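Here's a walk through one protein model and the two ligands that come with it. Have a look at the picture before reading on.

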Amino acid sequence: MGENKPANKAVLNWVHEVESLTKPENIFWCDGSKEENDYLLGEACRQGVLIKLNQEKRPGCYLHRSNPNDVARVEQFTLICTPTEEEAGPTNHWADPAETYSKLHGMLKGAMRGRTMFVVPYIMGPVESPLAKVGYEITDSLYVVLSMRVMTRMGARASEKLGEKPDAEFNRGVHSLLDVNPERRWICHFPQDNAIISVGSGYGGNVLLSKKCLALRIASYLAQKQGWLAEHMLILGVESPKGEKHYVAAAFPSACGKTNFAMLIPPKHYDGWKITTIGDDIAWMQIGADGRLYAVNPENGYFGVVPGTSYKSNPNAMRSIERDTIFTNVALTDDGDVWWEGKDGEAPQHAIDWRGNDWTPASKEKAAHPNSRFATPMQNNPVLDPHVDDAAGVPISAIIFGGRRSDTMPLVFRAFDWQHGVYIGAVMASETTAAATGAVGKVRRDPMAMLPFCGYNIGDYFRHWLKIGKRLTNPPLIFHVNWFRKDAEGHYLWPGFGDNMRVLKWIIDRCEGRSGAQKTAVGCIPRPEDLDLEDLEGVSPEQLDKLLAVDPAEWEKELAGEKEFFASLAPNVPEELLGQMQQLEERLRR
Ligand code: SAT
Ligand code: MN
């Protein structure tokens, strides 16, 4: 066990270099087998990295508690190290590559003394997809190794795919926990070298280097060079009772319900309608021979937010996490199960909270951290789409942008065309969540939900989107949604979850040229009669009017916010988008 050395000399040389620097006690070469996983799970429990849950209640499930100082992504310590600051652009934290390598190498010197260094080979994307990428993550964390097996196509097949050619492309990822000190926590990307170094953290998005680091930050850089898109989007399939099938990709910021939307169960009267999941977080998309956009999910699992997940809000996620799941920072019940705020049923009378302290319903602290997570293999999803492993990907009919907005943004609207859609994505905003450290609930611009994940200059990213649009002879329609609009008393106007199907149906019908809408200054908005409202509970006609309204005062403020955002990116914003802004202003003033 632990002897699965790849044949590729470039990989061997690089691992040897990292070994010479970090001085581990031994090297464990992972093969991804079940035997290896069983052995490592046992080791993780023995070392206190994981707690084995009640195997009758939750077979194959484990609990991990991260350091309380280390529970979310850290944007201020996430660096893009390109030769010039201009390449990283105004929305990234930039650092000089040579200086950063030197600083990190200093921290990594002897960092794995007395520890095991794991070498984790993995593939992102369906194995035969032309977009598939091979990566290796070197890590001294068992939690990372075990999570990577869930989240990626991990193991010997990655080394087989890479082959022996010395110039074969692979991502070099190095991760060390060091002493999990927030002052020595850095997540560094070197796009030109296809390399990532992450130190000082043990939290998912900072350390599962396949995910935000490779599949978004590095991949977005590669995608721009190579003419495709790497996006922070879920991908779902919608099939009508007549067997008509569409795929939709949707970009929402972290912790805004991507996983819930991707696994949605339609309301009762949608007999015969089926939603299936391709992915819940990341989409890699390329242009097909027919001029349509085709998407694959590079991942193999879901790293979803736990609190609020229930058989009511997301039954398919609940079924997925019944087995073979690694939970992070949820509460442990006295019978060895897990609990979190928003789970079905009563709160337990006693539990151990995410920090490892006693908890009762009278406690002031939350039992589960608001950003507690599950890592579960996509194969557990009862509504996994049958085409999830297709090398060519699935054709995308619609792209949806959206965020958490208490006001201004209607429930749904459609962009007039691709360029207008790119503008809507570029200026989209959302209230911040617990997925990253810092203030929660503050509205910030988050273009295409990629603000923390675009690995290069955001202006060039917008330009890239515009260019892709010119090459698409059969482009997806672009929409904006907002499930989070509130009334004056602060109550949500829209029930969300399964009822989002009503909006999705309107979107699909637009793609088929069937559903009605009204043209407004901001885009095409359904009138109440254009939406399927059968059996919709708890939304009065007045509430519906508010949900669909374009309020002139709110949009004046919105436009000012969009202008301010573009001004902060000057002079990088493409002319076309400045033109779109001007047209919006004219339409609003008319
Ligand atoms: O922590 S992750 O980046 O993996 C999840 C998220 O914030 O979207
Ligand atoms: Mn995400």
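Predicted model: local features only at pLDDT ≥ 70, side-chain atom pairs only at ≥ 80, totals over all residues.

Residues are numbered from 1 along each chain as its sequence is written, chains are lettered from A and ligands numbered from 1 in the order in which they are written, and side-chain values use heavy atoms, with hydrogens and water left out.

**Overall fold**

The chain has 16 helices and 31 strands, both taken as DSSP runs numbered from the N terminus (helices are H or I with at least four residues, strands are E with at least two). For 590 residues, a compact globule would have a radius of gyration near 25 Å, and the chain agrees with that at 23 Å; the radius is taken over C-alpha atoms, and the globule rule is 2.2 Å times the number of residues to the power 0.38. Along the principal axes, the C-alpha atoms fill a box of roughly 70 × 55 × 45 Å. Buried residues account for 61% of the 590 (buried is under 20% relative accessible area, exposed over 50%, partly exposed in between, with a 1.4 Å probe and protein chains only).

**Ligand 1**

Which residues surround ligand 1? They are Arg73, Tyr203, Gly205, Lys211, Lys212, Ser254, Phe303, Arg373 and Ala435, where near means a heavy atom within 4 Å. By class that shell has three nonpolar, two polar and four charged residues; Ala, Val, Leu, Ile, Met, Phe, Trp, Tyr, Cys and Pro count as nonpolar, Asp, Glu, Lys and Arg as charged, and the others, Gly among them, as polar.

| Side chain | Distance to an oxygen atom of ligand 1 |
|---|---|
| Arg73 | 2.9 Å |
| Tyr203 | 2.8 Å |
| Ser254 | 2.7 Å |

Taken alone, ligand 1 exposes 250 Å², and the protein buries 98% of that; the areas come from the Shrake-Rupley method with a 1.4 Å probe.

His232 sits in the loop between β12 (229–231) and β13 (234–239) and Asp281 in the loop between β15 (274–279) and β16 (283–287), so the pair ties together parts that are 49 residues apart in sequence. His232 is buried at 0% relative accessibility, and Asp281 is buried too, at 6%.

Most residues other than glycine have a negative phi, and most peptide bonds are trans. Ala255 has a positive phi, near 60°; Ala255 lies in the loop between β14 (245–251) and α9 (258–262) and is partly exposed at 23%. Asp324 also has a positive phi, near 50°, and belongs to the loop between α10 (315–320) and β19 (326–328). The peptide bond from Ala570 to Pro571 is cis, with omega near 5°, and Pro571 is in the loop between α15 (552–569) and α16 (575–589).

How values were computed
Polar contact = N/O pair within 3.5 Å; in protein donor to acceptor, adjacent residues only side chain to side chain.
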